[in-house]
Amino acid sequence: MGASGAEVRGRTLTGRSLHPGSGTGALLPLGAALSFWGGVDQEGTVVDHHHPQHGSSVTGRVVAMRSGRGSSSSAAVLAELIRSGRAPAALLLVEPDSILVVGALVAAEMYGTSMPVVEVTPDQLSGLPGGGLAHVAAGEAAGPATVTVEEP
Amino acid sequence: MAPALPLLTAEEQGMLAGDAGPATALGMRLVVGVARATGAERLVEVASAHGDGCLYHGAAGLEFTERLVEFGGRVRVRTTLNVGSLDLLHPGTVRADAALDTNARRLMDAHVALGCEPTWSCAPYQAGHRPSIGSHVAWAESNAIAFVNSVLGARTDRYGDFLDLAAAITGRVPFAGLHQDEGRRAELVLDLSGVPGELLDHDAAWPAVGALLGDLAGTRVAALVGLPGDLTDGGTTEDRLKALGATAASTGGVALFHVIGVTPEASTLGAVARSGAPVIPVTAADLRAARDRLSTVTEGRLDAVSLGTPHFSVAEFAALASALAGGPAFARSLTVYVSTSRAVLEQARALGYADTVEGAGARIVTDTCTYVTPVLDPGVRTVMTNSGKWAWYAPANLGIDTVLGSLPECVASARAGEVVRDGRLWG
């Protein structure tokens, strides 16, 4: 699967799709797991005071983290961010997180917006650069997904 | 080519195809979507559900729930409900604007229309919903998940908004994660035998243990050894495990912990721990550091005290009423809130505890909680709580400072109008 049309120069990794979709945005690797409920406000800003990326915006970013953490209300917060257009462009996770997958599934059912969620390995996560534009293309769940990070 | 997973029974295929109506089909698409993502090979039937989608987070949750109602959806299994955004028994407690008031009520009504029980509590396990050991259930709300898995020994994975209702309507969840024996094994062991007994007899030690557990375990299953007594002798009580689990689910993503010799699956360490699981010794200093991370201030004037997160139990009401009996009322410069379920409040009223607590000046909040919806006065800046979960989330949710203390410390502080804590036990 290509990264949506035009050839992009950069490093490509292949992960496992948890939810289909395609998205492009600036990469935002998180230094710790993030709970969307209690951790991200309705504008898409990280408001968890304990979190290293406190104050950053997730909107339109390709958010990479080890896992979703904490509250099971994160599904509703994520679905609402997708509905309001303030969601990440894509999520990259090491641990398949059913709560975040459900948020993406419901938003796709209700609003027709399919935000990709991709499982990556711990090595792939730690090997990501600190920023740069990332293109994510994920097929049906359990199938392959590609993440291409452009060279600056 | 291998068949696509999960493998569905004929009945489940029918549900997906719409034979049981469009609400069941929508629910099944979500359950199957998650099963694919998590790699589950099949689904499993559940005996009950606890839903937490009744707290208003925005239009998406309301529109989803009302769509299920429009589709004629009905839960197939007993389904209790978590807190909503309103206190329906005490109008005026929540300072909701007109939009929140309308939307929050619509969301709660839509859940009841699906056949869910209006329990409105994050501690359904202390309000009459106690699944049997080994039964498969679909519970949402991180503290309730930790409690039902750990303390009751029923089996749920981490469910949240949407999937809770999908499971309740289809009666199915993916057979994965904590539903399977393999997923319930402890990957690490916390040894608390080096912590002085006097400290573990201090209520505030338990959210501190939870905070440390969350830090060390993350989302992994852990076992704890060296905690005192058992569930019936006043040592490792249900309320202490409730506080521990709620905090561990907040600071980490803990959904199951085993207390060796106490919780139902954990007769011995060998019965629950993976061989070679690392053993981490815990000291009083570790617990002090964990406690300190649950406070943004340590002293000074208080504007409020918040108790009952997760919802206060009858036993906690008894302890609070006992601490208040014959003593002075709370300082008039602050407000004391006690959050509980309507089921527990009914018992606390019958037993006289609620009158004692209100007589001292406390406000009892039901159906919701003081950190998820506007309850505290706008001028509140500093709040003491006995809850590690409240202390963890309130600074971000409410923009306030918090300080953690035991129930007796909260009572002493509420009387003094400022923080009163006994630091001697913490080493």
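Modeller: Two residues are in contact if their C-beta atoms, placed from the backbone, lie within 7 Å. The model is predicted: local features need pLDDT of at least 70, side-chain atom pairs count only at pLDDT 80 or more, and totals for chains, interfaces and linings use all residues. Residues are numbered from 1 along each chain as its sequence is written, and chains are lettered from A and ligands numbered from 1 in the order in which they are written.

Between the chains, 39 residues of chain B are in contact with 34 residues of chain A. On the chain B side, at least two residues each come from α2 (22-38), α3 (59-70), α5 (142-150), α9 (238-251) and α15 (388-398); helices here are DSSP runs (H or I, at least four residues), numbered from the N terminus. The largest share of this side, eight residues, belongs to α2(B). By class, the side of chain B that touches chain A has 17 nonpolar, 14 polar and eight charged residues. Ala, Val, Leu, Ile, Met, Phe, Trp, Tyr, Cys and Pro count as nonpolar, Asp, Glu, Lys and Arg as charged, and the others, Gly among them, as polar.

Over residues 1-5 of chain A, pLDDT stays under 50, and the model has 12 contacts beyond four places in sequence for them. Where pLDDT is low, the predicted coordinates should not be read in detail.

Notes: pLDDT is the predictor's confidence in each residue, from 0 to 100.
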